[in-house]
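Keep the sequence and the 3D view side by side.

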Amino acid sequence: MSAIFNFQSLLTVILLLICTCAYIRSLTPSVLDRNKTGLLGIFWKCARIGERKSPYVTVCCVVMAFSILFMQ
């Protein structure tokens, strides 16, 4: 089943996207900072969410990992 139609998989993909963008921006900020608008601006926005809301993103990642490992 595609990740678009399964809600838990969709949340996992979104969390991975946020964490990956924040990690890439911490290594090389110029890669994401030059595309703040348009379609590629989604990655910049995900990086900002990952930086500013990192405690909440961390809790969501832990809860998602727990549910994937022990609930399924």
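Ser67 is buried, with a relative accessible area of 17%. Buried means under 20% relative accessible area, exposed means over 50%, and partly exposed covers what lies in between, with a 1.4 Å probe and protein chains only. Ser67 sits in helix H4. Helices are DSSP runs of H or I with at least four residues, strands are runs of E with at least two, and both are numbered from the N terminus.

A word on the model itself. It is predicted: local features need pLDDT of at least 70, side-chain atom pairs count only at pLDDT 80 or more, and totals for chains, interfaces and linings use all residues. Residues are numbered from 1 along each chain as its sequence is written, and side-chain values use heavy atoms, with hydrogens and water left out.

Back to Ser67. Its side chain makes a polar contact with the side chain of Gln8, at 3.2 Å. A polar contact is a pair of N or O atoms within 3.5 Å; within protein, one must be able to donate a hydrogen and the other to accept it, and residues adjacent in sequence count only if both atoms are side-chain atoms. Leaving out residues up to four places away in sequence, Ser67 touches Gln8 and Gln72. Contact here means heavy atoms within 4.5 Å.

Stay in H4, which spans residues 54–71. Cys61 lies in this helix. Cys61 counts as partly exposed because its relative accessible area is 25%. Which residues does Cys61 touch, not counting those up to four places away in sequence? They are Leu15 and Cys19. Cys61 and Cys19 are 42 residues apart along the chain, yet their C-alpha atoms are separated by 9.1 Å. Phe70 is also found in H4. Phe70 is exposed, at a relative accessible area of 59%.

Now turn to helix H1, residues 7–27. Thr20 has its place there. Thr20 is partly exposed, at 42% relative accessibility. Its side chain reaches the backbone oxygen of Leu16 at 2.6 Å. The C-alpha atoms of Thr20 and Met64, 44 residues apart along the chain, are 16 Å from each other.

Is Arg25 buried or exposed? Arg25 counts as buried, because its relative accessibility is 16%. The side chain of Arg25 makes a polar contact with the side chain of Asp33, at 3.0 Å. Set aside neighbours within four places in sequence, and Arg25 is in contact with Leu32, Asp33, Trp44, Ala47, Arg48 and Glu51.

Next, the packing of two helices. H1 and helix H3 (residues 41–52) pack at an angle of about 90 degrees, and their axes are 7 Å apart. Axes are lines fitted to C-alpha atoms, for helices over the stretch in contact, and angles run from 0 to 180 degrees between N-to-C directions. H1 is therefore roughly perpendicular to H3. That label covers 65 to 115 degrees; under 35 is roughly parallel, over 145 roughly antiparallel, and the rest oblique. H1 contributes Leu17, Ile18, Cys21, Ala22 and Arg25 to the contact. H3 contributes Phe43, Trp44, Cys46, Ala47, Arg48, Ile49, Gly50 and Glu51. By class, the contact has nine nonpolar, one polar and three charged residues. Ala, Val, Leu, Ile, Met, Phe, Trp, Tyr, Cys and Pro count as nonpolar, Asp, Glu, Lys and Arg as charged, and the others, Gly among them, as polar.

How many disulfides are there? A disulfide is a pair of cysteine sulfur atoms within 2.5 Å. By this rule the count is zero. Cys21 is in no disulfide, and the nearest cysteine sulfur, that of Cys46, is 4.9 Å away. Cys21 is buried at 5% relative accessibility. Cys46 is buried at 11%.

Finally, the whole chain. The protein has four helices and zero strands. From the N terminus on, its elements run α-α-α-α. Its C-alpha atoms fill a box of roughly 40 × 25 × 15 Å, taken along the principal axes. Of its 72 residues, 21% are buried. Among contacts with a separation of 6 or more, 56% join residues 24 or more positions apart.
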